[in-house]
Amino acid sequence: MSSFSSDKLATDEVTGMYSEKVEDLHPEHSEDYLREGERWATEEDMNVLRRVGDRIPSAAIFIVLTELAERFTYYGISGPFQNYIQNGYKQPNSNPGAINGGQNMATGLGNFFQFWCYLTPILGAIIADQWLGKYKTILIFSMIYIVGDLVLTLTSIPASIRSGGALPGVVIAMITIGLGTGGIKSNVSPMVAEQYGRYRPFVRKLKNGKEVLVDRELTVQSIFNWFYWSINVGGLSAIATTELEANVDFWPAYLLPTLMFVMCIVVFWLGRKKYVVTKPNGSIVIKAYRTISTAIKNKRKAKRENQLIVDENGKKLPWIDYAKPSYDASGSIVQWDDKFVDELRIAIRSCKIFLCYPIFWLCYGQMTNNMVSQSGQMNTGPVPNDIMQNIDPLCIILLIPIFDLVVYPGFRRCGMELRPVTRITIGFLLMALSMAYAAILQHFIYTKGPYKTHAGDEGYGFNDISAAIQVPAYVLMAIAEIFASVTGLEYAYKRAPESMKSIVMSIFLLTNAGGSILAFAFNPISSNPHLVKNFAIVSGLMGAFTVLFVVCFRHYDQVDEEESRDKTVFEKEQ
């Protein structure tokens, strides 16, 4: 890891004083330091002082801006996909289109694209951890990404559409862009949090003389809040691209994000000298696989021979502990130590919490396909139907600063901190309500004339109902994302061991691919007149999995807090 020398001569965020002196380095992190006017926290400080987050370092801001530009490109090109694939080119009395593949093809390809984009992070994580590191992996996969952008732009010009080049072009672009975004996504989110290099809690005196405890956990939470905020600022690109699609053509709608991605690469490269860069650690995946295999084999052998190991309290050891060299009486040589097994146990336990996320992403995916089609069945006025999905990122942009600066600190001031499992549960519940609202709305659309259950189909117009009534579904979905999606990113980073952050993050992102696989099963009811059933079923699934999540993981918040406190290095009382 690179040093923090550029930060050692820095302005104190609260007092405005400069400090060249780096005192009392953290025993496990040589880059940890104190500035003038700060002191290490004691255990009593943790109990009595108000906890706050620190400022976000400048290197993290460069990465946040990079993610903003990349998401601008991703949402800018994917926003018009539903219309581009579903509708015909320049057809009268119809929404914009190019391929004329119908709603099922559009929804199916959209689900495939989302699935592919969240499957490839596994590959990006392996390459970064074993060979290249996060920085180089992001740069290389960015080049692959831009090739896909160019293919999509060139095959969306009128001559290509009329000659049948649009469909193969969009499929090739989806595959290439999905590969590129996978290499970026698995590494950019852990890399942004790595830029904050203060690990041990410390006390800082405010200008009013009061002391506060600066907590790394809250700082990382804030970093991921603003990281997600940047994602949704970038997501607003769909407003521009859907307007270009409706009023000009598809090729300028895809050219704009392509140019923005060039800027993304430039911004990321400009921050290269500021980044904390972690070196590759070798093949964690292969090492983890061998460790798990050894644990299973040793546990079976011990059970067969009636030699199961118990701890000092008489409790049976976790199965993974049977891979520890210290418990292996045979003395066989392995490539790991006891510490690695402990880290792997934490990683596996943390990943269990992601098991309910595919249903969440199944609901979220409705926003970019079936809810776009739903808005096409209503009167959207002078704006294109696929612009409605941008209500979601607009709400997130407005609400994340409120949550980060008001809501979460407010709960902490009242002694009611919203810990990860609690936040995720709230998010799941709100997502279920969003889909329930969409189902009820779809019922009302079908009961209205003049086209009833044929509204939005080829050759039919919209029913006599304003699309403004769709807004609450997007608002509920946005708040659900703040609670569940942001917390998922934060949890994947904070609970992963240092050597496994990219791979654990990629496993969290893989749950999105799981949601896309589930969405394929809904293709037969992803068109008129079945959309009420579609929204009602996904709402019911989300509600059921919310209950399952609470039953299975309600104790995780307390266990995580105890483990975190046990690992915290406190200053000894004088």
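Student: Are Asp-321 and Lys-324 buried or exposed?

Tutor: Please keep in mind that this is a predicted model. Both Asp-321 and Lys-324 are buried. Their side chains also meet in a salt bridge, with 3.9 Å from N to O.

Student: What is the general idea behind such a pairing of side chains?

Tutor: Side chains of opposite charge can pair when their charged atoms come close. In this structure there are 20 salt bridges.

Student: Which residue forms a salt bridge with Glu-417?

Tutor: The partner of Glu-417 is Arg-51, and their closest N and O atoms are 2.5 Å apart. This pair links distant parts of the chain, since Glu-417 is in the loop between helix 16 and helix 17 (420-447), while Arg-51 is in strand 4, 366 residues apart. The cover of the two residues can be read as well: Glu-417 has 26% relative accessibility and therefore counts as partly exposed, whereas Arg-51, at 18%, counts as buried. The cut-off to apply here is that buried means under 20% relative accessible area.

Student: Where do Arg-204 and Asp-54 lie?

Tutor: Arg-204 is part of strand 5, and Asp-54 belongs to the loop between strand 4 and helix 3, so the pair ties together parts that are 150 residues apart in sequence. The contact between the side chains of Arg-204 and Asp-54 is a salt bridge of 3.3 Å, N to O. Arg-204 is buried because its relative accessible area is 5%, and Asp-54 is buried because its value is 7%.

Student: Which residues do salt bridges that share partners join into one network?

Tutor: The network is made of Arg-51, Asp-215, Glu-217, Glu-417, Arg-419, Arg-423, Glu-490 and Lys-494.

Student: How many bridges join strand 5 to strand 6?

Tutor: There are 4 bridges between strand 5 (residues 202-205) and strand 6 (residues 211-214), and these strands run antiparallel. To follow the pairing residue by residue, begin with Phe-202, whose bridge partner in strand 6 is Val-214. Lys-205 has Glu-211 as its bridge partner in strand 6. The hairpin of strand 5 and strand 6 has 5 residues between the strands, and in this hairpin Gly-209 takes a positive phi near 95 degrees.

Student: How many bridges join strand 4 to strand 6?

Tutor: Strand 4 and strand 6 are joined by 2 bridges and run parallel. Arg-51 takes part in this pairing, with Leu-213 as its bridge partner in strand 6. Recall that Arg-51 also forms the salt bridge with Glu-417.

Student: How does one find the empty space in a model?

Tutor: Rolling a probe the size of a water molecule over the atoms shows where empty space is left. In this structure the count comes to 7 cavities of 30 Å³ or more. The largest cavity has a volume of about 330 Å³.

Student: Which residues lie nearest the centre of the largest cavity?

Tutor: They are Arg-71, Tyr-75, Tyr-118, Ile-231 and Tyr-364, out of 29 residues that line the largest cavity. Several helices each supply at least two residues of this lining, among them helix 3 (58-78), helix 8 (166-194) and helix 9 (216-235). The largest share, 5 residues, comes from helix 9.

Student: What volume does the second largest pocket have?

Tutor: The volume of the second largest pocket is about 560 Å³. Helix 5 (102-119) and helix 10 (237-247) are the elements that give two or more residues to its lining. The lining has 32 residues, of which Ser-94, Asn-95, Gly-376, Gly-456 and Tyr-460 lie nearest the centre of the pocket.

Student: Finally, consider the surface. Which residues make the nonpolar surface patch of about 330 Å²?

Tutor: The patch is made by Ile-157, Trp-251, Leu-255 and Leu-259. Ile-157 is found in the loop between helix 6 (121-155) and helix 7 (158-162). With 34% relative accessibility, Ile-157 counts as partly exposed.

Note on methods. Residues are numbered from 1 along each chain as its sequence is written. This is a predicted model: local features need pLDDT of at least 70, side-chain atom pairs count only at pLDDT 80 or more; totals for chains, interfaces and linings use all residues. Side-chain values use heavy atoms; hydrogens and water are left out. Two strands pair if DSSP finds at least two bridges between them. Patches are made of residues with over 30% relative accessible area and no salt bridge: like charges are joined within 9 Å, nonpolar side chains (Val, Leu, Ile, Met, Phe, Trp, Tyr) within 5 Å. Accessible areas come from the Shrake-Rupley method with a 1.4 Å probe; for residues, only the protein chains shown count as cover. A salt bridge is a side-chain nitrogen of Lys or Arg within 4 Å of a carboxyl oxygen of Asp or Glu. Buried means under 20% relative accessible area, exposed over 50%, partly exposed in between (1.4 Å probe, protein chains only). On a 1 Å grid over the protein atoms alone, a cavity is a set of points where a 1.4 Å probe fits but cannot get out, and a pocket is an open set with protein on both sides within 12 Å along at least five of seven lines; lining residues have an atom within 4 Å of a point. Grid points are joined across faces, edges and corners, and a volume is the space filled by probe spheres set on the points.
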